[in-house]
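Q: Could you walk me through the helices here and how they pack? I have the sequence and the coordinates open.

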Amino acid sequence: MTTIGITGHIRLRPPTPRLVLAELVRLLSAQPAPHGVTCLAEGSDRLFAEALQACGGTFDVVLPVPADLPDPESDRELRSLLASARDVTRVAEPGPPEASYEIASSIVVERCDLLIAVWDGTSAGVRGGTAETVAWARAMDKPVQVVWPAGARRGVTVAPVPVG
């Protein structure tokens with residue numbers, strides 16, 4: 001069984017979520033019994049989980065749980081997706097929230113055989129973000145499938161956090 005990981009933009013402008021979901025369903029339906037690994041971040045990660053469910057697939061979760069932020073499970077949509085997960089690994093890294101996101105993203109890369117990146121190709125981003133996660137996968141010689149359908153657009157982003 002091939003394990004497919006996901007990384008991607010969180011903020012997507014309409015009609016991007018619909019376009020991305022359709023492309024993910026198309027890609028995943030070509031796999032027999034697709035299995036994924038995701039951080040279940042808003043946006044691309046949750047669309048990936050939805051696409052897996054639509055294709056009869058399963059998924060594991062690597063959930064970043066930054067100490068300084070509210071419990072992520074207070075989000076009703078996230079709770080529902082966690083209940084559907086085959087396995088959940090919680091990552092609580094000391095330091096700024098980005099540290100937990102960075103570790104969780106690196107675990108997704110380690111656990112997958114193929115990484116799907118819902119990505120517009122921009123290199124600017126935050127620690128553990130899409131560009132950095134794609135770079136890790138490529139450095140580990142993992143195949144990366146970029147998904148950015150025609151007409152896709154990102155939403156408003158937050159200021160990048162310096163990497164390093």
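Q: Start with α4: how many residues does it have, and what does it span?
A: Helix α4 covers residues 97-111, which is 15 residues, and reaches 22 Å from its first C-alpha to its last, close to the 21 Å expected at 1.5 Å a residue (the expected span being 1.5 Å times one less than the number of residues). This is a predicted model, in which local features need pLDDT of at least 70 and side-chain atom pairs count only at pLDDT 80 or more, while totals for chains, interfaces and linings use all residues. Residues are numbered from 1 along each chain as its sequence is written, and side-chain values use heavy atoms, with hydrogens and water left out.

Q: Is α4 mostly covered or mostly open?
A: Mostly covered, since eleven of the 15 residues of α4 are buried, where buried means under 20% relative accessible area with a 1.4 Å probe, counting protein chains only. Among them are P97, E98, I107, V108 and V109.

Q: And what covers them?
A: The cover of the buried residues of α4 includes the strands β1 (3-8), β2 (35-38), β3 (58-64), β4 (87-91) and β5 (114-118), together with helix α5 (130-139).

Q: Switching topic, how do α1 and α2 cross?
A: The axes of α1 (residues 16-29) and α2 (residues 44-54) come within 9 Å and cross at roughly 45°, and the two helices are therefore oblique to each other (angles under 35 degrees count as roughly parallel, over 145 as roughly antiparallel, 65 to 115 as roughly perpendicular and the rest as oblique). The crossing of α1 and α2 is right-handed.

Q: Which residues meet there?
A: From α1 there are P17, V20, L21, L24, V25 and L28, which meet S44, L47, F48, E50, A51, L52 and A54 of α2, with contact meaning heavy atoms within 4.5 Å. By class, the residues of this contact divide into eleven nonpolar, one polar and one charged.

Q: What about α2 and α3?
A: Helix α2 packs with α3 (residues 76-84) at an angle of about 45°, with the axes 11 Å apart, and α2 and α3 are therefore oblique to each other. Their crossing is left-handed. R46, A49 and Q53 of α2 make the contact with E77, L78, L81 and S84 of α3, and by class it has three nonpolar, two polar and two charged residues.

Q: Last one, what is the overall pattern along the sequence?
A: The protein has five helices and six strands, which follow the pattern β-α-β-α-β-α-β-α-β-α-β along the sequence.

Methods. Axes fitted to C-alpha atoms, helices over the stretch in contact; angles between N-to-C directions. Helix = DSSP H or I, 4+ residues; strand = E, 2+ residues; numbered from the N terminus. Left-handed = near helix turned anticlockwise from the far one by under 90°. Nonpolar A, V, L, I, M, F, W, Y, C, P; charged D, E, K, R; others polar. Buried < 20%, exposed > 50% of the residue type's maximum accessible area, 1.4 Å probe, protein only.
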